[in-house]
Each structure stands twice: as C-alpha cells, then as structure tokens.
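Please look at the sequence and the 3D structure below, and keep both in view as you read. The paragraphs that follow begin with the ligand and then turn to the domains and sheets.

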Amino acid sequence: MTTPPLDTAQLHARLATVVGADHVSAVPSGACYGGLLGAHLSADLHPRAVVRPASAEQLQRLAPMIAELGHGLWSSGNATGNGAQRGHPRKAGVLVDLGRMNRIIDVDRRGAFAVIEAGVTYAELAAHVRERDLPLWLDADTNGAHTVAGSIASRYTGLTPYGDHQAAVCGIEAVLANGALLRTGMGALPGSDCGARYKYGFGPALDGLFSRAHFGVVTRLGLWLMPAPRKFMPFALALPDLASMARTIDRLQPLMLDGGLGGHVLIAAHSSDAALLARLGNDAGRSSGAPPWTLYGALYGVPEMVEHHGQRLALALDSAPAAGQGAAWDARLRQLRGEALYNDADGHDACALSFTLLAPASGADVQALHHAVLTRLAEFAPRLSVQLARRYLTLTVELPDESVADGDAAGAALAAIKDLLGAGYGLHSSSPALAAELTARHTPAGLRHLYDGLHTALDPYAMLATRGKFTPDKARRKR
Amino acid sequence: MKASASPAQPIDAANGKRALDALRTALGKDWVFAAGDQALDAYRDDYALAPHGDTRPWAAVAPGNLKQIQKVLEIARRYKLALWPLSTGRNLGYGGAAARQAGALMLDLKRMKRIIEVNERAAYAVVEPGVSYLDLAARLRKLGGRLWVDSTGSPWGGPLGNFLERGVGYTPYGQHSDTQCGLQVVLADGTVVDTASGIKARTDNLYRYSHGAWVDGLFNQSNFGIVTRIGVQLMPAPAGYRPYLVTVDAEENLQALLDALRPLSLEGLLPGRPTLMTLPRAAAYGATRAQYQTGAGPLRAQAHSRLMAEQARGYWNLYGAFYGAEALLDVHVRELQNALRAVPGARLHFADTRADDAAFKCRAALMGGAPSMDEYKTLDWVGAGAHLDFTAVLPFDGDVAQSASEAARELCHAHGFDDCAEFQLEPRALRLEIRLIFEREVVAQQRAAHAAVSALAARFVSLGHGSPRAHLAFMDDTAASYRWSDDALAHASAAIKDVLDAQGVLAPGKSALWPGRHSGRRK
Ligand SMILES: Cc1cc2nc3c(=O)[nH]c(=O)nc-3n(C[C@H](O)[C@H](O)[C@H](O)COP(=O)(O)OP(=O)(O)OC[C@H]3O[C@@H](n4cnc5c(N)ncnc54)[C@H](O)[C@@H]3O)c2cc1C
C-alpha cells in the first residue's frame, strides 16, 4: 500500500473544507460498520478518516477531492454498515458516512411510494408513516437502524409481497467518482414527477450497478411501498424434520409460482429463531421441545381472495393455515408485517460470517444444500434459514461469532460454497468478510471483464474498487 | 419485384471487397448479402419517414452461431464497419429493420432461433434472438399449454428484440424488463458474458440478480453488446380467465374513470396491462375511417356518434382481464363494479356481448397469452397504413391524464390525425401511447406524422412527461430530454460505450449512443 503524502491531520483538514470540522474524524474506536471493518481487515487497512456530508452536493465535491488526494473512497449509509462498500484495497481510504443525509423527501400516499435520502433508516421511515397514519406498509430489515439504501445495496430480502427490495426501487440518484450527480429512469428528465413511479427512462438502465458493487455512491432513491392490505393472514407451521420441510416446499411451490402466496415464505431452523430471540433479549428460544424447523408466511389482500388462497394452502399443508404462538412467533409476525424487530445503531448485530445460496425451489435441492453445508460447517454450529420465492429458494447460513473464534470458519465457508457452486447452485449474497474473496474466486471471466470495463469507465481514478485492466478481448483469449 | 436499391458505401471499394470476402469465408457465401442482392432490400423501415433520410445498409450477414458472430465482430473492427444487430427485425413503428444511419452492415440473427430450454416447473424459457412470440407460443402449446407467453401486438417480433427495446405485453407478465431473467451477451471485443450468476448455475434463469452488480439493464435500449440469449419468465396458465371491457361515453369523464381505478390498480386488482383506448383507436380494429367520413381531417362529432352507436362503445374503452379461479374472478368483478359506481356513464361488458367487437377479440387473445396479429388491422384505418407512436409516461392521476389527453388530441388534430391514443395502466404510472396512423407510401403523410411526433415530444417533455421509447428518427432528441444535472446520465452511458466498444462498431447512434462522445473523439 502506498502511503499518500498527506498526514492524517492534513487529510482531515482538507475534507473539513467541504463538510466542516465537526463532520470529519478518525474511525471511532470499536466501530465495525456491520462487519466492513471486522476482524478480517487489519487495522492498518482501515480508512484514515470518516467524513459525513450533509448533501449530495457536498459529496460531489468530496469525491474528486478524495481521488485527487490519492485515496480510496469507502461508503456506508450509517454506522450499521449495511450495504457498505470498501474502497480501492491498495489505497489509503476515506469512509463517507451518509448518516446525516437522512431526509425523507416525500411519502406519497396516493401513489404509495417514498423518495428518501441514502441515510434514511427503516425506523425513521416507519416513524414517518406511523405519525402521519398513512395506509402504507414497509418491508424493513430486521435491524431498523439499517438504511433503506443499504438494504438494497446488499440485496436484503424481506417477507411481504414487497420483499424483493431491489425490485421495489424506482429511480436512483448517485454521485460518481468524478463528482457527477446522476439520476436514473424518469428522474433524469427535468420536471418529471414519475421518477419514483416508473422505473425506466430512455436508453440503458444503470440502476443495477449500484447494488452489490461500487460504481458510485447512492444519495437518494425512490421506493415503492405496499398499500396496507385489507386482510392479513399470517401463519406458522412446525416441521418435525428435514424431510417434511422438503416435502412442504414441493407442495408450496405451485402456489408460490402462480402468486397465490404474495410474499416470501421463511423456514427458520430452531437455532435461527433462538438467535433472533436472544438478539431481542429473550431467551425463551432456548427452550427445549421446539421443532427443528418452523415455517412462517402470510397472505395479504382482499378478504375473499385471502380466504381462497388460504383454502389452497390448507390443501398443500394438510392443515388450515393458523397463527403460531410464543416469542418466536411474535417476532416473525412483525417481520411478516414488514416491521423491523430491533434497533442496533452500531451494526454489531451483523454476523461476521454469513452467506446465502440460491437453489431451484425444490425439496430435493434444499436437502442437498443442507447436507453439503453441514458436511463442511457442522462444527461451527451454523444457523440456517430458508426463504421461498416465486421461482427459487435461498438458504442463508450464519456462523455465530462465538463458534467462529477457533478454527478456520472462513476457509470452511469458502469450501462449502465452492462445493455447492460446483454442484450447480448459485450465490445470492455474502457478508463483507467473504464477499471480496468470493467475488475474486467465482466471478467468471466474461462477467469480470465486463465489470473491469465498467469500472474503467465510471471510476477512472480507481478509487472505488479494485479492478483488472480492461484489455479488450482479454477474457476471450483466456478461455 | 422492385429492382434492389443501391446500397450505401461506408468504405472504399477495395476494402469493401476484402471485407466481404472475409465475411463470406467466415459465414459461407449464402449468408452474406451485398450490392445487387435482393435480400438486402429487407433491411429497411417498412414504415419509413421521409424526413429521417437515408438508412440504406451497405451489406448484411446472417450468422448461425456465436462463433460466427465473433468472427463478424473481428472483421467489423478490422474494417471499421458499423454493425447493426437485428433479432426478428420487426421493430415496426420504431424503425423496422433499418439502422440509424446509412452504410451499416446489418447483423441479422434470425437464423439463431433455437428455443434452448422450456422449464415447466419454474416457468421460464431460454431463447435465441430469432425466436418469435409465435414460435414460442407454438412450442408451449405443443407442450400442453401449461405456460403462457406474454406477446406484444406484433407477435412475429420476439422476446429478445422486444426486451432490448423495453417493449411491453398485456398479461401480468407484460413489463418485459421485469420478467427477463438471464442474458448472454457478446461484447464488441468478442467477449461472451453470461449475466445472472454467470457460472452456469441451475439458478441462472431463476434469480434475476447476480452475486455482484446486476448488469442486464445495461443492454436495454443500448449498443453495449450483441445479445445472443435471453431467459424469459412465463406465466403459469391460470385456473380461469375473464377479459372485460369498460366503456365511458363522455371524453371528459376520463379523469373520473382513472381516479376510480387508481386504488384498485395499486392493490393489484387490475392485473396485467389494461389498455384504455380512445374511440378511433378501438374502432380501427374493425372499421376503416372511410366508412365514417370522407375527405381529410380528423373525424368529426357526427362520425364519433355513429361509431359509438354502431360499435356499442364509448369514447373511452378499457380492455382488461382477470386471472384465477372462478371465485377470484367474481371478487375482481365486484371490486371493479364498486369502483365504477363513481364514474358517470361507465358500463362493464364481458365476452358474451362483445362477439362483434374486433378489438375485444384481439385484446382478449393477447391478454390471454395467445399471440394475435389482429392489431395490424388497425393500420387499415387509412388504407395501406403504417404508424408512428409517441409514448409518454404520466403519473397515475386522472387530472394529469385528462389534460395530457386533451393536449394529445389537439396536437393530433392540428396535424390532421385522429386521436388514436391509448393509456396503458401500471400500478403507479400511465403510459400514454399516441399513435399516428398514416398512409405508408404518401410522403406528405410521413412528414405530417414526423411533425406531429416532434410537436408532441416538445409539449410533453415541457410538461415533464418523458418518453420511454423512440423511433430511430427521434432517438437523439428523446435521449437529450433526459438531461438532468448537466446530462449526467448521458455522460455516464457515453463513458461506458467508449470503453466497451472503443472502435464504435456496435450500432452507432442507437439510443443516441454515438461512439467517441465521451473521449471527445467524434466521427
Ligand atoms: C401493429 C403493431 C403492434 C405492436 N404492438 C406492440 C406492443 O404491444 N408492444 C411493443 O413493445 N411493441 C409493439 N410493436 C412494435 C414492435 O413491432 C415490437 O416492439 C417488436 O417486438 C420489436 O421488434 P423485434 O422484436 O423484431 O426486435 P428487432 O427489430 O429484432 O430489434 C429491435 C432493435 O433492438 C436492437 N437489437 C435487436 N436485436 C439485438 C441483439 N441481438 N443485440 C443487440 N441489439 C439488438 C436493434 O437496435 C434493433 O433495431 C407493435 C408494432 C405494430 C406494427
């Protein structure tokens, strides 16, 4: 790593010319930014400054300054670090924390959408909706201190019909490395009031570059919200073993596919429910006798339609969908309503080692995934949960921090992932401690070549992310 | 048959000959079409607009596979040729099978027409560029009809070309940019990119995003690559299906109608892409204007009244459909009926009373997953017709729509056209598609249509209503309207173009993406 000529005080002073001295500091001790600055990153690789712009305009001035100073630009919505992006790994870094950019610009009741700045958290947006008594539901992360923009950047998914957070985005505003401020979709048309109502403008859509990648810093976005459903029918089902879980997935799959079940279905392992309860300060989850898996879902909509789908569900599950009970149910119920479950502002709740795999929505596949994960990771007591979507399922694996302390958990996780990718499964997302390595190992040549080209185009000073040199035709010749 | 037009010449004769020789060696001489070859005539805009000028190609090639595309790219780079990819080449109303400029080497992918996969369990298909909606529908029918295709009103076009134009259909899978899943793309340098996971996982066509950046949207309405494969999600055939028509007589009740429908639309109770047509637009499916009025100029009130009486329709005609089991269909109908109580003169019709309604038949087919070519009949409204569309996106708001519709009508009439518009309903927005139907071979009418779209664009853009799609002739102007913050979006796209296609061989000018714009190196 080349050390830039400026000492830290000088660096801070330069950044302060844009944001004021109050909004520049060293990384607060103990700050982990949701695992961005976790144990996997030695302290000498941490950013040299945290800078907190108040506006997109300030960020437009900061970005070229950081480039000119030879630093990499890291970014995070706030201290929770959800969706945070690392800057160029071989440069000293400046971390842009957008926590002050937390204006809720508009929540449109009639159009059921919000326009918010990148630092707005789910808790803030929920409070806004609640105070105005708007008939709108959110689909929040479990941690209400997470920013909405960060959730999208990390491709988090929730359980309501608006649970695909990426799909609920409508229009992005971002600052690029050169300081340009762009808007995507209809928002790029001066005077348009459809920026958050219609996703597409004219020409190529750049929106997808601003999630799970670092091509710029999102400053604002449009978000579709769900009109409060007239009827909400949540249900839970205990599943005594893996085989019955697999069977249930097969029987639910047609209902998922035709949209009969509007949202995502969660199947949580007992350990996953227990960890959530512990997080909520409740150790009821540890009680014995709980089933190994519990399925949670809900129907949303017009009462007769909900009842109709409820009957189909009863046929598929061999029992009428019914509410659950106990503390885990209470928590999952709130999740099914799109509510956040707790507020953890410093991001220490984020599990350092976690990853989510993709599979076809079939029972055989979930069994195969389960088997492969346990083969490699049983010793780390992984907490598992499955989400069923319309056409696929995901398996999320979290390795509890306690068990990771000894043994090469990251190595074992990477090995498990390698096995499963080799078996034809896909990778959905992963925690920062794994993401860089997984991207390096598993991005195929063609896609990597395209990413390199895009970075060359949009990040000419190489401040945002590492990239290979874009030599036309290189990927092809390598094949 | 007409003698073939002489092609435009982008390079000198000696290099031209060398390039053609190289192409023939690469593809076989049967798949290279040059001067003197009648096949070259196909690469034009059948709905040409005189003011747009010359778009004659230099030559055309029809590769049969990926390797051959890579070879063509190599040759194009070597000789600095402009390659214009076409899939099914039916982009009628937006430039047809023509390139943006004369002198292009047309890259016709019609021969690549394999349906690579139909996955019935997860309800998707993977197809090549040459596969049309008709082809895909035929395959699905053969498999037992458990899956529906979402076709446009132009089903000899196909899922791949239509997605790239950001086209739309009319079932609940009608926003084609939302139902695409997985692409294979060849970049200008020949690199093959598989989006989605990119690792050839079994989930590549199940999950739309990858582990990293989601790049698929970059290839929409652009020239960043040649797309050679697409995954499209298909709708499982529903347990039941009930198309409907809502008519409202008075033009000024548009606002009341849309405001009554808005909450339903947001709640997902108006599934698909209901289309709300003006009287002339709907009437044109089953009549010609000559039956109602002779001479030029827009239809007069008297003709309107006759049309409404004879076709039993209103000035506003909303074609939509409900999906699902009978019990669900009944709930849908009740909800719609309740909403329509607030709309003066609104009437709800079903198939039983619309046997004579040609529009109903066509729309019911499209909304029911069955491709229909019947929309082409609407072009006979003026004889041997063609059309040019101007589309604007508006908020789903009755008041805004009412004024937009009045502005559209005024401008159409001022240019001598009937008010052939339709609103397509999305949950939060309306797409207002204003159709200028003109006599294909009459240059004065081509000019009038061109002038009308210019005027419509100027008016709508000034009102903040952007246009999401454009004919070749209007791409530069349309792109220029998205100029917020010093053209930031255009600059970013231009920067990408210059890196990914440094020599500018791919579709120069597509969506106003001209090579060398970012680096300042202009042609
Ligand atoms: C009566 C009528 C009704 C219509 N109804 C509809 C409708 O309901 N919805 C709708 O969306 N449209 C409609 N259209 C317009 C048009 O016919 C369709 O959009 C059609 O699908 C587009 O043509 P295509 O699919 O053959 O694409 P193509 O003509 O093959 O391609 C369109 C453009 O995309 C680019 N392109 C194509 N293939 C590639 C490739 N492989 N790689 C890179 N770039 C490529 C090129 O720029 C090309 O010019 C209608 C037209 C008419 C005349």
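A polar side-chain atom of Arg469(B) lies 2.7 Å from an oxygen atom of the ligand, a polar contact in the sense of a pair of N or O atoms within 3.5 Å, where within protein one atom must be able to donate a hydrogen and the other to accept it, and residues adjacent in sequence count only if both atoms are side-chain atoms. The protein covers 97% of the 970 Å² of accessible area that the ligand has on its own, with areas taken from the Shrake-Rupley method with a 1.4 Å probe and, for residues, only the protein chains shown counted as cover. This is a predicted model, in which local features need pLDDT of at least 70 and side-chain atom pairs count only at pLDDT 80 or more, while totals for chains, interfaces and linings use all residues. Residues are numbered from 1 along each chain as its sequence is written, chains are lettered from A and ligands numbered from 1 in the order in which they are written, and side-chain values use heavy atoms, with hydrogens and water left out.

Two further contacts can be found around the ligand. Ser154(B) places a polar side-chain atom 2.9 Å from an oxygen atom of the ligand, whereas Gly89(B) has a polar backbone atom 2.7 Å from an oxygen atom of the ligand. Altogether 33 residues surround the ligand, the closest being Ser87(B), Thr88(B), Arg90(B), Tyr170(B) and Arg469(B); a residue is near if one of its heavy atoms lies within 4 Å. By class, this shell has 14 nonpolar, 14 polar and 5 charged residues, where Ala, Val, Leu, Ile, Met, Phe, Trp, Tyr, Cys and Pro count as nonpolar, Asp, Glu, Lys and Arg as charged, and the others, Gly among them, as polar. The largest share of the shell, 4 residues, comes from H4(B); helices (H or I, at least four residues) and strands (E, at least two) are DSSP runs, numbered from the N terminus.

Turning to chain A, we find domain 1 (8-97), domain 2 (104-227), domain 3 (231-336), domain 4 (353-442) and domain 5 (445-478), with bounds from an automatic or database domain assignment. The C-alpha centres of domain 1 and domain 3 of chain A lie 41 Å apart.

In chain A, 5 strands form an open antiparallel sheet in the order E5-E6-E10-E8-E9, and two strands pair if DSSP finds at least two bridges between them. Strand E5 (104-108) and strand E9 (181-183) of chain A stand at the edges, each with a single partner strand, so one side of each has no neighbour in the sheet. E5(A) pairs with strand E6 (residues 113-117) of chain A over 4 bridges in the antiparallel sense, and Val107(A) has Ala114(A) in E6(A) as its bridge partner.

Another open sheet of chain A has 7 strands in the order E12-E14-E13-E16-E17-E15-E18, with antiparallel pairing.
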